[in-house]
Every structure is written in structure tokens, then in C-alpha cells.
Amino acid sequence: FPVTIIHKTFDRVNFVPKTVFTQEEAASLNFPLIAKPSQGKSAEGIRKIKTLEDLESSEENFDVFCEMIDISSEFRCFCFRDEVMEINQRIKVEGSDDFLEKAETTTDFYYKKIDYSNPKLQEIISECRKRVQLDFYSIDFAETPEGDIFVIEMNSRTGMGVDKMVELYNRVHEDFFKKLPSDVSAEKMNSLVQKWRAAYEKKKERAVHECT
């Protein structure tokens, strides 16, 4: 979804940072702000606006302005209906640029599958699905040092590795046919997953090496 649709759908919900959609409205928010274009990927075009003077002097076109929250960790949660498929923690590659502090750059990061427990998350997932009725989607969320959760983005076309695509395929297959794929199919898909994981680890090691 364009980010404007998400924020308008979740307007005035306590688990989404306070958000407005024009530069004039943004002047009334508490600084610093996060300014975003409607379209983009991998944090492209997102800027941190520290002061009202920075806002008024900016010549960039933004579609969303959010009050910045204190983030301790960031995550991506993959969901099938109301169930969590997998949760990944977003980990910044040490030594990479910070896109919020340095314009015209993105931040190098990777995702690590983790076990995550926070009772607030399931409540948020249920509320998200009431407002945006999808069978498969991902939720990007951040956790504050106090353990509060804020939804940053909800995506129906999220990027997935082979392992997640196989997991989704299994769930859709079971939902439609009322059974899991055959043993032969499962073996072939598991082989693909193992090859993908090996390639992904090499790519991650390269990214870490280039930044250090």
C-alpha cells in the first residue's frame, strides 16, 4: 500500500505514531519528525526533520509527516490471516550509513528470524486485520525501550525469501486442499530453502564486510 493509505486507515490509533499529511499540519507536531514519500522501498526518500526551521526550509515533497518515536528494536511480522507465520528482527549492518542522518542514502540491514513474545502484538494484528482485510500481509513495527509497540507500515506485497514463500505456499495449500503438500513436494521445497539460505548467508557476509 502507499504509506498515505495506511496512515489514513489507522488515523488516531494509539499504536501508530501521530501523523499528518501536509507541511502546514506538520508544523504543529512535536519535533523531530519523520517525513516520508507516498511510494518507495528500503527507506528511500525518508528523512528526519529536526526542527521547525528545517521543515520550513525543506524543498522536498513528502506525503506523510510522523512524530518520531524512541525505538529500541525494529521487526517485520509475516502473517497469514490472524496467525503469525514468522517474525524477523531488522538488524543494521555495523558501519553502514544511517538514512535518517545522511540524505540521499539507504541503510544496509538484514533480517534475522527470532522468537518474539509481546502480548500487545496479537491485539495489534487483530485490529490491523479488522481495518485491512487480507489473507497474507506483513507488519513492520518498532518496540520502544518501555516495551510499547508502534506499527510503521503494513504491506500486502512484502519482499520474501524462499523460506517464507514455501511456508506461505504450505499454508495456502492446506487451506484450499485441507491437507499439506505431498512428501515429494515437501522434500523438493526444503531443498530449495536450504540452497537459498546458504546464498543468503553469503550475501549477508559480503554486506557486513563491505561496511566494515
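## Helices on the sheet

In this predicted model, helix H5 (residues 162–177) lies across S5, S6 and S8 and runs at about 170° to S6, where axes are lines fitted to C-alpha atoms, for helices over the stretch in contact, and angles run from 0 to 180 degrees between N-to-C directions. Helices (H or I, at least four residues) and strands (E, at least two) are DSSP runs, numbered from the N terminus.

## The open sheet

The order S7-S6-S5-S8-S9 describes an open sheet of 5 strands with antiparallel pairing, two strands being paired if DSSP finds at least two bridges between them. Strand S7 (109–114) and strand S9 (149–155) stand at the edges with a single partner strand each, so one side of each is left without a neighbour in the sheet. Neighbouring strands of this sheet are turned by 30° against each other on average, direction ignored.

Strand S5 (residues 73–80) pairs with strand S8 (residues 136–143) in the antiparallel sense over 8 bridges, and Ser73 has Glu143 in S8 as its bridge partner. Helix H4 (residues 119–131) packs on the sheet, touching S5, strand S6 (83–92), S8 and S9, and its direction makes about 40° with that of S9; contact means heavy atoms within 4.5 Å.

## Cysteines

With a disulfide defined as a pair of cysteine sulfur atoms within 2.5 Å, the count comes to 0 disulfides. Cys79 is in no disulfide, the nearest cysteine sulfur, that of Cys77, being 3.5 Å away. The sulfur of Cys128 is 8.2 Å from the closest cysteine sulfur, in Cys79, too far for a bond.

## Basis of the values

Local features need pLDDT of at least 70 in this predicted model, side-chain atom pairs count only at pLDDT 80 or more, and totals for chains, interfaces and linings use all residues. Residues are numbered from 1 along each chain as its sequence is written, and side-chain values use heavy atoms, with hydrogens and water left out.
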